[in-house]
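Work through the exercises below with the structure open. Try each task before reading its solution.

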Amino acid sequence: MIRKFLIAALALISSFGAIAQTEIAKGDVNLMVVSDLGRNGHYDQKPVAATMGRIAEQIGPDAILALGDTHHYGGVESVTDPLWMTNYELIYDHPELMVNWYPVCGNHEYRGNTQAVIDYSGISRRWEMPARYYTKTFEDDGTTVKVVFLDTTPLIDKYRKKTDTYPDAVNQDTEAQLQWLEKTLTEATEDWIVVVGHHPIYAYTDKSESERTDMQKKVDTILRKHNVDMYICGHIHNYQHIRRPDSKIDYVVNTSGSLTRTPKEIEGTVFCNNSPGFSVLTADKENLKLNLLDKEGKTIHVVSRSK
């Protein structure tokens, strides 16, 4: 009797383990999404990085999208700043993470030398940042995904006013970026259009409300006009998936890869969670999915779109 009980208990434990390790269904295009990483390996940064490597073994990502604040707290001073090693290179060292990383600057990068963040593309084999804002189209087996990378810090007025803390924000031509965004989305013909940046358009946060109202006024009006599929960002250090009743766009906040904060529901909240982790974006001709993963690699929510 005891033996049968132990066998049944082990089977039950095994079944729960199988649930936790459920594989992500790969698409034609497979991308990993990370944000708010750099804590010199502290908090949950190292465990999350290890899980990223394990999931990368499974899906074979085409690339990794890094949505800002790779470096806390004051950005980097140069391309030889030791923070490149302690925040990035020595943490994300799994062989399957040696694919191209496509980053944007976050507000913490704007506390330091933002040009060095771009110039690091000439130093690192995998850091691919051609400009402050840019596009990259991923294509496989006939499926195309255009990712539009925004430089959101200069688009928010409060950063432009704090010239002592964010000295380079005021130097950026915001109108040129918004005109570029309008033109880019007008000309886009890919199967799926995903726009990414550091700051949210809609999210619960105790940060200044002006961050979101500036993004709504300057960016969201353009995104809605062109019916993009998703806007994905970081900055808030938790997961939030929001669908507004007056918009067809999925607005998603990607969680922190290190230190998180507790979210609350707001109008349009579909899901929110304070787990550290990262996301996996998969796409084929008919479906676009963003899998939100915790630090063990378990999918805790899926943002799905279909044709």
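**Exercise 1.** In this predicted model, find what Asp-69 is in contact with, leaving aside neighbours within four places in sequence.

*Solution.* Start with the contacts. Asp-69 touches Asp-36, Leu-37, Gly-38, Gly-106, Asn-107, His-108, Glu-109 and His-198. Asp-69 sits in the loop between β2 (63–66) and α3 (83–89). Last, check burial. The cut-off for buried is under 20% relative accessible area. Asp-69 has 1% relative accessibility, so Asp-69 counts as buried.

**Exercise 2.** Is His-237 buried or exposed? Which backbone oxygen lies 2.8 Å from a polar atom of its side chain?

*Solution.* Locate His-237 in the loop between β7 (230–233) and β8 (239–242). Its relative accessibility is 2%, so His-237 counts as buried. Now list its contacts beyond four places in sequence: Asp-36, Arg-39, His-72, Thr-255, Ser-256, Leu-259, Thr-260 and Arg-261. The backbone oxygen in question belongs to Leu-259.

**Exercise 3.** Where does UniProt place the feature "binding site"?

*Solution.* The unreviewed UniProt entry gives Asp-36, Asp-69 and His-237. These residues span 202 residues in sequence, yet no two of their C-alpha atoms are more than 10.5 Å apart, so they gather at one spot.

**Exercise 4.** Which residues touch the most other members of the largest nonpolar core?

*Solution.* The core holds 86 residues; Met-52 and Leu-223 touch the most other members. Helix α2 (residues 45–59) supplies the largest share, six residues. Now take Met-52. Beyond four places in sequence, Met-52 touches Met-32, Val-34, Ile-64, Tyr-92, Leu-97, Trp-101 and Phe-278.

Notes: Residues numbered from 1 in each chain as written. Predicted model: local features only at pLDDT ≥ 70, side-chain atom pairs only at ≥ 80, totals over all residues. Heavy atoms only, no water. Core = buried A, V, L, I, M, F, W, Y, C linked by side-chain atoms within 4.5 Å. Buried < 20%, exposed > 50% of the residue type's maximum accessible area, 1.4 Å probe, protein only. Helix = DSSP H or I, 4+ residues; strand = E, 2+ residues; numbered from the N terminus. Contact = heavy atoms within 4.5 Å. UniProt positions renumbered as here; feature names shortened; annotations may be inferred. Polar contact = N/O pair within 3.5 Å; in protein donor to acceptor, adjacent residues only side chain to side chain.
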